[in-house]
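Thanks for making time this morning.

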Amino acid sequence: NVSPAEVERVLTKHPGVADCAVTGVPAEDTDAEVGEEEILAAVVPVDTDHLDFAELAEFAAARLPSYAVPRYFARLPDLPRTAATHRVQRSALAGLAAGSTWDRLTS
């Protein structure tokens with residue numbers, strides 16, 4: 001189990017990150033156990049042209065245990081939030097990031 005708050009706290013310390021949220025997404029590896037998840041970090045950059053996900057992954061790896069470093073990173077203009085409480089809708093993150101994620105294991 002990985003604390004989303006811990007990962008988010010580290011990622012938002014990067015100067016290129018304005019906001020972020022992390023969530024679990026189903027693992028696609030054929031070796032993965034059923035129900036196993038990978039970490040997706042949805043990131044709202046300070047400047048959309050200058051956020052390098054490889055650099056952000058290295059930044060996270062230097063500050064988090066290896067199992068807590070997100071595998072996937074996605075750039076979003078804003079995080080989806082509920083109207084009433086303004087909390088991040090983690091369940092919507094994977095759908096918003098679909099097709100536009102950077103995978104640190106294949107890049």
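Let me start with Trp 102, which is partly exposed because its relative accessible area is 21%, where buried means under 20% relative accessible area, exposed over 50%, and partly exposed in between, with a 1.4 Å probe and protein chains only. This is a predicted model, in which local features need pLDDT of at least 70 and side-chain atom pairs count only at pLDDT 80 or more, while totals for chains, interfaces and linings use all residues. Residues are numbered from 1 along each chain as its sequence is written, and side-chain values use heavy atoms, with hydrogens and water left out.

Phe 53 counts as buried, because its relative accessibility is 8%. Which residues form a cluster through ring pairs? They are Phe 53, Phe 73 and Trp 102, where rings of Phe, Tyr and Trp (its six-membered ring) pair if their centres lie within 6.5 Å, and planes under 30 degrees apart count as stacked, over 60 as edge-to-face and the rest as tilted. Phe 53 and Phe 73 are stacked, at 5.6 Å centre to centre with 25° between the planes, whereas Phe 53 and Trp 102 are tilted, at 6.2 Å and 35°.

Turning to the core, the largest nonpolar one has 19 residues, and among them Leu 11, Val 43, Leu 56, Leu 64 and Phe 73 touch the most other members; such a core is a set of buried Ala, Val, Leu, Ile, Met, Phe, Trp, Tyr and Cys residues joined through side-chain atoms within 4.5 Å. A second, separate core of 6 residues includes Ala 42, Val 44, Leu 79 and Leu 93.
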